[in-house]
Amino acid sequence: MTRQMTGAEMVVQAMQDQGVEHIFGYPGGAVLPIYDALFQQDKVKHVLVRHEQGAVHAAEGYARSSGKVGCVLVTSGPGATNAVTGLTDAMLDSIPLVCITGQVPTHLIGSDAFQECDTVGITRHCTKHNYLVRSIEDLPRILHEAFYVASNGRPGPVVIDIPKDVQFAKGSYARPMSNQHKTYRPQIKGDMGKIQAAVDLIASAKRPVFYTGGGVVNSGPEASALLRELVRLTGYPITSTLMGLGSYPASDSQWLGMLGMHGTYEANLAMHDCDVMICIGARFDDRITGRLDAFSPKSKKIHVDIDPSSINKNVRVDIGIVGDCGHVLEDMVRLWRAQAPQVDKAALGEWWKRIDGWRARNCLGYRNDSKVIKPQYAIQRLYELTKDRDVYVTTEVGQHQMWAAQYFKFEEPNRWMTSGGLGTMGYGLPAAVGTQMAHPGALVIDIAGEASILMNMQEMSTALQYRLPVKIFILNNEYMGMVRQWQELLHGGRYSESYSAALPDFVKLAEAYGGHGIRCSDPAELDHAILEMIDTPKPVIFDCIVAKEENCFPMIPSGKAHNEMILPDFEGKTGDIIDAKGRELV
Amino acid sequence: MNMPMKSHYSDAPKAQPQARHTLSVLVDNEPGVLARIAGLFSGRGYNIESLTVSETEHEKHVSRITIVTTGTGQVIDQIKAQLDRLVPVHRVVDLTIQGEAIERELALVKVVGTGESRVEAMRLAGAFGARTLDATLTSFVFEVTGTTDEIERFLRVMSVVGLVEVSRTGIAAMARGAEAL
């Protein structure tokens, strides 16, 4: 049914037609007509953030935890430029977003008008696709196409820049029968010949390992279920990237823990020594591979990815399968079940024996302390005290993020929201706001550092406004801990500008915002304090005072390969670990 | 401390043989599409040796972009994959791996001179099959079409007889045989 309406009304109508329930945004001159249209309906709920970067991260948390497309609405100029970090973050972590930006009226574009910037120019490289809407006739198609592009193929952020005169203009709107793009058709089904070859190679493996990533999470819960099925059918070990945590349950005996720079000893050595690597929805990022020339030198590699440009980009693989992880896994499981191949049980037994030897090294062990809270201990207790609840975890970026990935065990996908590719400090709190919006009854915890949290602290105000009882669990070591750790390892312990001086009193800060503040520095009181946090039905800032100079181990240092990790009880002088050349390229 | 370059980031790859490839890219003729493609090359550090863009199917708003680039085999594969994942890109075809393609470019060449050099310019232009588009008592503008090498040769000889200005189109390319893109 075609109806006459303004461009601004079309924006809201298209959102409704797409089933959008929440949109994160901040008003301004160039989007006032859209805010006016939002005001006159109640299907799409607007969440007013305190900074546009927060709006995008909130939409990311919302999208990542719910599997829906996250929506953002910001004004022209500074509204759009403030959103750029969030858009880039979503681009690198493949998060589906639709971000609507206001623009100055069409006739003023290019005149350096008030709050004008070249939004499509600025966001061209940090979005999957973007549009400048030049006429009202194009608007309905673009609005729906944007949702298709954001969520199909490798997901990503899409920007729609709408000049103010187009928002005011009247035109006819009809919900398109299909919102497909006219030509963009990502390949979903994998090539059956290659899938069969992959199954044969998997079946012939003597030292296999599954290496999975965020693509499995993006593919939906069915993909995780199929992954579990295939891994159990084969009996092979599995590891995952930071982005893929939760797609395979951490409590399972075949789970090796996270791999990569701060991954477990057993996961990294299994990657290094395997003969068949089955990479599903991961992209051989440099935090995973370490030194490329020493990366898993003896293995044949299978790579399943929906983005053809990811295959053979960093690492040459033997079988590259373009397709959606869920569809390819479904085919693999079906072939495996039908053919019931005989795996080499003796070789697998040997392999598992070696893995168990590496596990016995207990690489996540640490020396606990009765006087000072060790950050690892804090995460372990947080996990133990929340694991039976409906819990979602977001993080900021740094040591606390890695400790959270190492010590918090995830059993389900979509429970873990972190900035992986871009490494954006300040991600966690707004992402928690978005996550809580999608899951009102759940326990949402932002595991934070005292430095990161200050980057988007203002979103505490958003949490209060919408009664979102997010919990900010700060591992406060008074340092930008990861920076300090690298300075210790690489720069002779010269802690240049990494000390968090002049910190606010986080308890008072929580109270100033109208939330609840808790401080804990005694390991004996930690459990009690965490329970108090969980039981407080409003936003909480938990200032957990932890050991100041604890390093995050295990770690693959600069200049080393997977089998040259530093383990936690390393007692030598850490300043000698990395050579001069390695220092240049950290 | 004089260890070889080792780092958590991979070392720069050893120099590998580079090859020149001609790519035909069919795209939606929409605003910004050229910026997207040019930006992809600059953002990811790829070379563009020549770039030719024109709308080829007016009703369908389809443009054909011909890109000449150089790189290692892996880089060329990445360029094609990265181009192909741009939303407005329909198809990417590597004409170079399909056998020798037909490649032509056009140049306009202004030559100024009198006397013997003027006569010589006229004679050479005839030898290269160039057309004379404009002539005054002291100048010519020639149009010459050919492969890049042929144009280069023409420009080299013209530079001796008073070449003052050149305008070139970049390459238009097409695969041989009955098959269409």
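Which residue forms a salt bridge with Arg154(A), and how far apart are the closest N and O atoms? Select Asp307(A) together with Arg154(A): the two form a salt bridge, with 2.8 Å between the closest N and O atoms. Keep in mind that this is a predicted model.

Next, colour chain A by domain. The domain assignment gives domain 1 as residues 3-173, domain 2 as 192-359 and domain 3 as 375-545. Show domain 1 and domain 2 of chain A; their C-alpha centres are 37 Å apart.

Now select the interface of these two domains. On the side of domain 1 of chain A, seven residues are in contact with eight residues of domain 2 of chain A. Those of domain 1 comprise three charged, two polar and two nonpolar residues. About 680 Å² is buried between domain 1 and domain 2 of chain A, and carbon and sulfur atoms give 46% of that area. Select Arg64(A), Asp93(A) and Arg154(A): they supply 72% of what domain 1 of chain A buries against domain 2 of chain A, more than any other three residues. Across this interface there is one salt bridge, and five residue pairs are in polar contact, counting pairs with both residues at pLDDT 80 or more.

Finally, go to helix 2 of chain A, residues 32-39. Show side chains for Pro33(A), Ile34(A), Tyr35(A), Ala37(A) and Leu38(A), the buried residues of this helix. Around them, select helix 1 (7-17) and helix 7 (164-168) of chain A, then strand 2 (22-25), strand 3 (45-48), strand 4 (70-74) and strand 5 (97-103); the buried residues of helix 2 pack against these elements.

Technical notes
Residues numbered from 1 in each chain as written. Chains lettered and ligands numbered in written order. Predicted model: local features only at pLDDT ≥ 70, side-chain atom pairs only at ≥ 80, totals over all residues. Heavy atoms only, no water. Domains from an automatic or database assignment. Contact = heavy atoms within 4.5 Å. Buried area = accessible area lost by both parts, 1.4 Å probe. Salt bridge = Lys/Arg side-chain N within 4 Å of Asp/Glu carboxyl O. Polar contact = N/O pair within 3.5 Å; in protein donor to acceptor, adjacent residues only side chain to side chain. Nonpolar A, V, L, I, M, F, W, Y, C, P; charged D, E, K, R; others polar. Buried < 20%, exposed > 50% of the residue type's maximum accessible area, 1.4 Å probe, protein only. Helix = DSSP H or I, 4+ residues; strand = E, 2+ residues; numbered from the N terminus.
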